[in-house]
Each structure stands twice: as structure tokens, then as C-alpha cells.
Amino acid sequence: MKIISLVSSYRTNGNTSRIAELIENYLLSIAKTKRIDLEIERVQIGHCNINTCRGCRVCFDKGEELCPLKDDLLSIRDKIREADGILAASPVYVEDVNGIMKNWLDRMAFNCHRPAYAGKVAYIVTTSGAGASNHTINTIKNAFTTWGISIAGQKKFRTGGLMDFIEMQAKYGSDCKNIASTLFDTMKRNLVIKPSLYSLIAFKIQQLSWQKSSRSHDNIDYKYWQKNRWLEKDCNYYLPNNTNVLKIKFARMIGSILAMFLI
Ligand SMILES: Cc1cc2nc3c(=O)[nH]c(=O)nc-3n(C[C@H](O)[C@H](O)[C@H](O)COP(=O)(O)O)c2cc1C
């Protein structure tokens, strides 16, 4: 199994990196106990070469391969493609993700049109000075869900300006252990996909949007959805799943109602 640990703090020895390190260590020890091969790759996105999105829409209209910004973005996209799980960690800046995370999400926005990560599982963590709302978590969660990623859980850590690693371990060690165990177990169980209600609704809205699309069927997004057979009437999610029929019906009904206002 492979996990990408995506940390958006520039500080490689800051709170967010330290929390990620604690979780990574617990993940490795769980894998060792269970005799399962686990590779964890840390991607410190602030130290990667990722230029600011210019909003040219080339990734939407022609494909991300043609993005005029030639940098590390596509290699990170590919690392996530090859991974089973993602640990996403951001510091809270002004009640939201930091700019590094936001720019990375913006650059990855083509996944909102062509979700390529169905079947992946993510755990989202944030660190903040004095305590923060769910806004930061939701920024990452909403993007990931739209990209097809299942959310195993989320956790906010209050760490002040810089928390000593020993103090952090004493205060948050058991939380980090629980996060590691939840992420690990969800990754293993994810062989049978159980999309959340939110994910099913988001899928339905997207599906209706592409089905109704008056744009040419040569459109790259339309072709992508068609190739994946996601436009077929009885398709209810990116992957086959064993979701309760009533939950699917409910999600499709809510999705259809919301689509009337959104599309
Ligand atoms: C520019 C900036 C903005 C911040 N905004 C908030 C905030 O809105 N709420 C909060 O609780 N902490 C805020 N903080 C504190 C950080 O979220 C906190 O110290 C975090 O753990 C830093 O993570 P790091 O050490 O990985 O960079 C801010 C820090 C910075 C540098």
C-alpha cells in the first residue's frame, strides 16, 4: 500500500509537519505489526515548484498536460494516482487553508471536471494557533470529494505558534494513533466502496451537468465521462458500490433538485 503525505506548511519542522510525522510513524508501526508493506511519501508542497494558477482554463478545455506552467504539478498528480491513501495537512491561515494549499487545490481543479481519484481515501488534518472553525477542513474536503476521494476522517489540532515535539507527542499522540488506525483500516476496507451521501449527490449533479451539456461532444470532459461510462442512466457513482438503494435514490433526488438551480 502507498500513502502520500501532503503537507502544505512551508515550515518543514513546524506544527503541521510534526503532526504529519507523528501520524506517519504510527501508520508505519501499524503496517509493521500487520506485516503489510506500506510506503509513505511526504510531499512538502511549499518546497515543490508549483506556480500560481493563471486561470487560463487550458487544463479544463484541452487537458492538464497542456498547462502552460511547466512545473511539479503533474508529477504530484501522478503520485496521488499511484497511491491508495492521502494524508492532507494544512496550517490554518486566516480561518482557511494556507496559500500554498489553496494554490495547489486551484492548480488541481481539472479534477473537478474529470475526477481521477475515485477509490482513494484521505484523512484531513489542520493545525492552528488558537483554534479554528471547520472552514479550513471543508476547503480541502469539498475539493477532494469532488475529485472522487473518500474522506476517512478529519481532525483539527490546536498547536499555538510552535509546539514542542515532546509536548505534542504527549498531548496529541493518542489522537494521531487513532487517525493512523482509521486511515489504515479505511484504506483496507475501501475495496468495497461506500460513498458518502455528499459524494453521491455531488456525482449526480456532475452527471446531469455533462448529460445536459449543450457543448460539443468533442469536449474533453464529456469524452472523459463517457469513456468511464459515468453518463449511463443507471450509473450512480464513479465506482461500483454496495450502497443502500434508498440512500442512492435519496441522493439522486436531492442531486436532481440542486442541479435545477446549479446547472
Ligand atoms: C499568516 C498566518 C495566519 C494565521 N491565521 C490563523 C488563524 O486564522 N487562526 C488560528 O487559530 N491560527 C492562525 N495562525 C497560526 C497557525 O495556524 C499555527 O501556528 C499553525 O500551527 C502553524 O503551522 P506550521 O507551524 O506548520 O506553519 C496563523 C499563522 C500565520 C503565519
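Predicted model: local features only at pLDDT ≥ 70, side-chain atom pairs only at ≥ 80, totals over all residues.
Over residues 1-146 the chain is 40% helix and 21% strand, with its end C-alpha atoms 23 Å apart; here helices (H or I, at least four residues) and strands (E, at least two) are DSSP runs numbered from the N terminus. Residues are numbered from 1 along each chain as its sequence is written, and side-chain values use heavy atoms, with hydrogens and water left out.

The protein is divided into domain 1 (2-189) and domain 2 (197-262), with bounds that come from an automatic or database domain assignment. To their contact (heavy atoms within 4.5 Å), domain 1 gives 15 residues and domain 2 gives 13 residues. The C-alpha centres of the two domains lie 26 Å apart. About 1,100 Å² is buried between them, 55% of it from carbon and sulfur atoms; this is the accessible area (1.4 Å probe) lost by two parts on being put together, summed over both.

By the salt-bridge rule (a side-chain nitrogen of Lys or Arg within 4 Å of a carboxyl oxygen of Asp or Glu), the count comes to 15, and the count between domain 1 and domain 2 is one. Two salt bridges are set out below.

| Salt bridge | N to O distance |
|---|---|
| Asp221 and Arg114 | 2.7 Å |
| Glu41 and Lys2 | 3.2 Å |

On the side of domain 1 that touches domain 2, α2 (58-61), α5 (110-113) and α6 (135-146) each supply at least two residues, and the largest share, three residues, comes from α6.
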